[in-house]
Amino acid sequence: MATLHLMVGLPCSGKSTRARALGEEFNALVLTPDLWQLKLFGDDVGDPAHDARHTAVEEIMWDVAERVLAMGGDVVLDFGFWSREERDDFRARARRLGVGFRLHFMDVPIPELFARMEARNRVRDGRTFFIPREEMEKYIPLFEPLHPDECDEEAPQRPGMAK
């Protein structure tokens, strides 16, 4: 059964690194909006158009993901999924498609997020956004950690696939 994997966590929590590992483990398509947005618009954090651009990229990625899932392939969405409402929406989308669903929560203490952010900001590799401390401070209160009842549902694994 095809499975939709959602990466849940704040910036610098390790989502993209784990998403790539899941892509290898499950032979899944990994969709990371930051990579597309950086190529299309550059490092635009703080630009008034950033959020609208990011939403548009995620919508296009969902169109691709939906097709891959319908064809029987696994997909890892490396979007962050900061709100319960958003996670519930994608859970419902998976059900409508008749595919499995898994959440991967990157639970990192706040001081560690800031340390990772500072280290990441020193490396300008074109694969990540520069995140000013003030931006991260805005993000933290917006994030809704997983509620225990969100962790009850796990997708069945394909025979021969590691869990």
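Two strands are said to pair if DSSP finds at least two bridges between them. Helices (H or I, at least four residues) and strands (E, at least two) are DSSP runs, numbered from the N terminus. The model is predicted: local features need pLDDT of at least 70, side-chain atom pairs count only at pLDDT 80 or more, and totals for chains, interfaces and linings use all residues. Residues are numbered from 1 along each chain as its sequence is written, and side-chain values use heavy atoms, with hydrogens and water left out.

**Strand 1 and its partners**

Strand 1 (residues 3-8) runs parallel to strand 4 (residues 100-105), and six bridges join the two. Within this pairing, leucine 6 stands opposite leucine 103, and histidine 5 is opposite arginine 102. Strand 1 also pairs in the parallel sense with strand 3 (residues 75-80), over four bridges. There, leucine 4 has valine 75 as its bridge partner.

Buried is used here for under 20% relative accessible area, exposed for over 50%, and partly exposed for values in between (1.4 Å probe, protein chains only). Six of the six residues of strand 1 are buried. Thr3, His5 and Met7 point one way from the strand, while Leu4, Leu6 and Val8 point the other way. Strand 4 is mostly covered too, with five of its six residues buried.

**Threonine 32**

Threonine 32 sits in the loop between strand 2 (29-31) and helix 2 (33-41). Its relative accessibility is 11%, so threonine 32 counts as buried. Its side chain makes a polar contact of 2.9 Å with the side chain of aspartate 78. A polar contact is a pair of N or O atoms within 3.5 Å; within protein, one must be able to donate a hydrogen and the other to accept it, and residues adjacent in sequence count only if both atoms are side-chain atoms. Leaving aside residues up to four places away in sequence, threonine 32 touches Ser16, Met61 and Asp78, where contact means heavy atoms within 4.5 Å.

**Nonpolar patch**

Leu29, Trp36, Leu40, Phe41, Ile60 and Val64 make a nonpolar surface patch of about 510 Å². Patches consist of residues with over 30% relative accessible area and no salt bridge; like charges are joined within 9 Å, nonpolar side chains (Val, Leu, Ile, Met, Phe, Trp, Tyr) within 5 Å. Accessible areas come from the Shrake-Rupley method with a 1.4 Å probe, and for residues only the protein chains shown count as cover. Helix 2 gives the largest share of the patch, three residues, and helix 3 (50-70) supplies at least two. Isoleucine 60, in helix 3, is partly exposed at 45% relative accessible area.

**Salt bridges**

The structure holds 12 salt bridges, each a side-chain nitrogen of Lys or Arg within 4 Å of a carboxyl oxygen of Asp or Glu.

| Pair | N to O distance | Relative accessible area |
|---|---|---|
| Arginine 53, aspartate 47 | 4.0 Å | Arginine 53: 25%; aspartate 47: 32% |
| Arginine 84, glutamate 150 | 3.8 Å | Arginine 84: 25%; glutamate 150: 3% |
| Glutamate 118, arginine 133 | 3.6 Å | Glutamate 118: 41%; arginine 133: 36% |

Arginine 84 and glutamate 150 meet in a salt bridge. Arginine 84 lies in helix 4 (residues 84-97) and glutamate 150 in the segment after helix 6 (133-139), so the pair ties together parts that are 66 residues apart in sequence. Both belong to a network of salt bridges that also links Arg87, Asp88, Arg91 and Asp149.
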